[in-house]
Amino acid sequence: MQKTFEPRNWKLIRIEGPDAVDFLHRVSTADVAGLATGGFGFLLRATGRIVQFFHFTRNPQGLLLATPDAEGLMVELEKLHFREEFELSAVAGRRVIFGWE
């Protein structure tokens, strides 16, 4: 039996570009480079303090991140973004739904 969960107030962020996967892999706890489809992770400060929680999904263009604080996560990711080639953008008008069997 398939189950679904729709977290309230979660929003989506798109990260697209040739360095998207490598960037998120380096700045988070998620094995972004090693997982073919997606998973959960944390964005951390250099001290190890948790900044944000997110779920990522890989696609041919890059990544979709689902998080309860999309604006805050975008700000934190931009602080770490220096020379990598990718673009961050908010995704409007889409719901976040998790499903499993």
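**Surface patch, pocket and a loop residue**

F40, F42, I50 and F53 form a nonpolar surface patch of about 360 Å². Strands β3 (38-44) and β4 (50-59) are the elements that each give two or more residues to this patch. The model is predicted: local features need pLDDT of at least 70, side-chain atom pairs count only at pLDDT 80 or more, and totals for chains, interfaces and linings use all residues. Residues are numbered from 1 along each chain as its sequence is written, and side-chain values use heavy atoms, without hydrogens and water. A nonpolar patch joins side chains of Val, Leu, Ile, Met, Phe, Trp or Tyr within 5 Å, from residues with over 30% relative accessible area and no salt bridge. F40 lies in strand β3. Its relative accessibility is 48%, so F40 counts as partly exposed (buried is under 20%, exposed over 50%, partly exposed in between, with a 1.4 Å probe and protein chains only).

The largest pocket has a volume of about 160 Å³. Its lining consists of L12, H55, T57, L64, L65, A66, R94, R95, V96, I97 and F98; lining residues have an atom within 4 Å of a grid point of the pocket. β5 gives the most, with 3 residues. By class, the lining holds 7 nonpolar, 2 polar and 2 charged residues.

N9 sits in the loop between β1 (3-5) and β2 (11-16). The phi of N9 is positive, near 70°. Most residues other than glycine have a negative phi. N9 is exposed, because its relative accessible area is 62%.

How values were computed:
Patch = residues over 30% accessible without salt bridge, like charges linked within 9 Å, V, L, I, M, F, W, Y side chains within 5 Å. Areas by Shrake-Rupley, 256 points an atom, 1.4 Å probe, with all protein chains shown as cover. Salt bridge = Lys/Arg side-chain N within 4 Å of Asp/Glu carboxyl O. Helix = DSSP H or I, 4+ residues; strand = E, 2+ residues; numbered from the N terminus. 1 Å grid on protein atoms, 1.4 Å probe; cavity = no way out; pocket = protein on both sides within 12 Å on 5 of 7 lines; lining within 4 Å. Points joined across faces, edges and corners; volume = space filled by probe spheres on them. Nonpolar A, V, L, I, M, F, W, Y, C, P; charged D, E, K, R; others polar.
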